[in-house]
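Hello,

Here is the structure we talked about. Please open it first, then read the notes below.

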Amino acid sequence: MFKINVYDRDSVTPLRSLMTNIGSLAASLVAIGIVFLLCGVNPLYAIAKIFTGSFGSMYGFKETVTKAIPLILIGGGLALAFRGKFWNIGAEGQLLMGALMGTWVGLAWGDTLPSYLLIPLMFFAGFAGGALLGLIPAILKIKFSINEVISTLMLNYICAEFITMLIVGPWKGSTRFGFPGTNNLNPSALLGVMPGSRIHYVTLIVAIISVVILSIVVYRTRFGYEVRVIGENPEAGRYAGINFFRTTIVIMILSGGLAGIAGVGELAGIHHYLGYPASISSGYGFTAIIVAWLAKLNPMYVLVSALFFAGILVGGDAIQISLGLPGATVQIVNGILLVFLIMGDYFLKHKVVIKHSKGVNKFLKQGN
Amino acid sequence: MKKIQKLEMVNISKSFQGNFANKDINLHINSGEILGLLGENGAGKTTLMNILYGLYQPDSGEIRINGESVKINSPIDSIHHGIGMVHQHFMLIQNHTVIENIALGYEKTPFFFPKIRIRDKVVEFSEKFNFAIEPYKKVWQLSAGEQQRVEIIKALLNGADLLILDEPTSVLTPQETKELFRILKDMKAQGHMVIIISHKLDEIMDICDRVTVIQKGRIAGHADTANMDKRSLARMMIGREVLFNVNREPLPRGEQVLKVSNLHVIGDKGLPVVKYISFDVYANEIFGIAGVAGNGQKELAEAITGIRPIKSGAVFAGKKNITNMSPRKIYDHGVSHVPEERIKFGIAPGLFLYDNAILKQHHLEKFSKNMFLEYGRIKNHTKSLVDSYKVATHSIDVQIKNLSGGNIQKLILGREISEKPSLLVASHPTYGLDVGATEYLREQLLKRRREGGAVLLFSEDLDEIFELCDRIAVMFQGEFTGILDSSDKEKLADIGLMMAGSVRY
């Protein structure tokens, strides 16, 4: 009989951390390869295609940067929330709420305000929208102990359906020929892009500044210290007199707000009008969960991991077109990556030893 | 399987990581007998019974049933031999009915319609011992006493001749305790044997025929309860005549630093665990609270330091009312706290040593200005803490979980007294530490006393209490059974009885 012993690792060197991550990535590529094989596609070719499609050409790289923008913003916010053990699965809804608020401001004051006032106002409104949506599960959790995974996840659907209701109902644009969607925003409400690309650089700059500020917040401020203590050991946080209510509220204002800013960026930089929720976001709120995780919840590393996952999104589009794979392929790739990264985390924290032995007393570990 | 007439444990030894929990233990029990297993917390009673129940394997020694040596490898083996155990924490599924829980633990449960087919058996046992249990009630609707009876039925149904009860009365009301004892006496009359693990002298005297006393892993003695009085039993449990070798220099009593009046606190289970307690602590004093764990000491410490809400009554630090303030405000009013479980409450294990060195002070101006932490000063402070409290570490840039328990405790103590609080609440500060670290920490507490601070010391270690404290309160079931001066040797000789609640001063 084989016996598996699991021990806690006392310390983790940066090298081991890096190697474990590389190992998990390699293992996930093997699993992804098997999926490709089952689809009847040469896995090596498909995997190579993902990376050449996203990083191998100038066009691909520009697209990758474009898609990295919302991932940086949301991933940074999620890194903060997850660090404080607040499992915010609702970034998708918070992004949509930001887009909604941005649309409202953009349509209402598009004619009257100049660009340099309108754009900041839209970003602010988007931040407020995402933050307000994030506050609901925060308050529910602290005041009524309602699990935030459920409440944040469910709010995604509420938000998406609310937007759908608006765009087929009261907000349906007069220029849409009866199709769902608002009117296009006034040009003064649109974000400039880098020539020859869709990179809305204002949001990119905001995103980079945000993660820099976030990493200062996490590692250098009292608030960040309290978040780290709560995340490491909530009991110690209580003992130290940390105000959980305030800390959680601030976490969710920042995390939801940044997702809201991402929503405004997508709206004003890419789509220019509020359409179906699935077209506005394509699941950034969920992909960002993996982004934050791969970045080890360090906001600065989010820059790298966001670029990596944006690359997979773009590369996924590329193989859909060139190999004729179904649209869900990217989600499968992302899902497998997340599962393997989390498994890698387990092996980073624990040491697993398989022993050959006989007559093992399986009740031994129950004792006290 | 033949009924157990006589069970013996012979020369049982068991050690964990080099420390023995049981050493050369011998005991025996005959059918129709109730045996008490008495000892302080950590004496090794539960370990011994877990060996008998098959949860642990002894390092040496053997178990004999009816004179034949048997090997018990697992609880399943012990059930086959007719041994049943009711743990201190019930192993029941709250959302299932009584009968479902019983069916789950019953070996011969039929695969189809288990509930209907074992119902008769359950009713039969309930009637035999007057259990009065409704089989279709959900477990969460039952009182602690009823849940315990479900556990007993579970064991009996599996054919237990010997029933082991681990601290059976710790969760019961006095009426439920009476009811339990009635059941046990019925069982005894029908030839069952019972082993009760307890540290309550009254109960042992009340229900047991014989008692075996364990002290620090060894047998301290066997006795028939008929020939014993509580005083000699208490002496046996604590292991010696209470010794007093005070080497504290007397200090004049300073001003009042803590006043607790009529403090009433509710525990995790919704029952009162601290019942209208009042006392004062003065500067230049170490005030000790002795007692067996689980009598409300933890909740009292948490209520004073702000972690647990106070139902009624008041706490004053100096002149300031700190009742139900947040732990941070209470700290700011000069009350610091070395918590009971240092890893669980005292540190954030994955953060660096210097992060942990300011766990309760990070909001002070010297460590953070305008919301930003001053890591330069924090690290200097940490270095001086590490130096002055002899924390053995090669660097302060390590995660604190890599330190040993003693070093973590030194850092926590240093952190809590470096700001010279007027009162230090220390819960079991030396629990589980080696001799060197223990001595060092005790010295630090005495030093605090000399410097004009006050210490409220919770400890189960009577040596520690006698060595350090100026006054000693004994806590039993949420009340003080007395507050004694450490010079009052006559009354202190009864401390074992006070801990068991049978003497009050």
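**What I found**

His394(B) sits in a loop of chain B, between helix H13 (375-388) and helix H14 (405-417). Keep in mind that this is a predicted model.

Is His394(B) buried or exposed? Count its C-beta neighbours inside 10 Å: there are 7. A residue with 12 or fewer is exposed. His394(B) therefore counts as exposed.

Now look from His394(B) across to Ala132(B). In sequence, 262 residues separate them. In space, the distance is 63 Å, C-alpha to C-alpha.

Next, the domains. Chain B is assigned domain 1 (6-234) and domain 2 (258-499). Their C-alpha centres are 36 Å apart. Where the two domains of chain B touch, domain 1 puts in seven residues and domain 2 puts in six residues. What kinds of residue does domain 1 of chain B bring to that contact? One is nonpolar, three are polar and three are charged.

Last, the two chains. Their contact takes 22 residues from chain A and 34 residues from chain B. On the chain A side, helix H8 (222-232) and helix H9 (234-239) each supply at least two residues. Which helix gives the most there? H8(A) does, with six residues. By type, the chain A side holds seven nonpolar, eight polar and seven charged residues.

To start, find the loop with His394(B) between H13 and H14 of chain B. Then move on to H8(A) at the contact with chain B.

Best wishes

Definitions and conventions:
Residues numbered from 1 in each chain as written. Chains lettered and ligands numbered in written order. Predicted model: local features only at pLDDT ≥ 70, side-chain atom pairs only at ≥ 80, totals over all residues. Helix = DSSP H or I, 4+ residues; strand = E, 2+ residues; numbered from the N terminus. Buried ≥ 20, exposed ≤ 12 C-beta atoms within 10 Å, placed from the backbone. Domains from an automatic or database assignment. Nonpolar A, V, L, I, M, F, W, Y, C, P; charged D, E, K, R; others polar.
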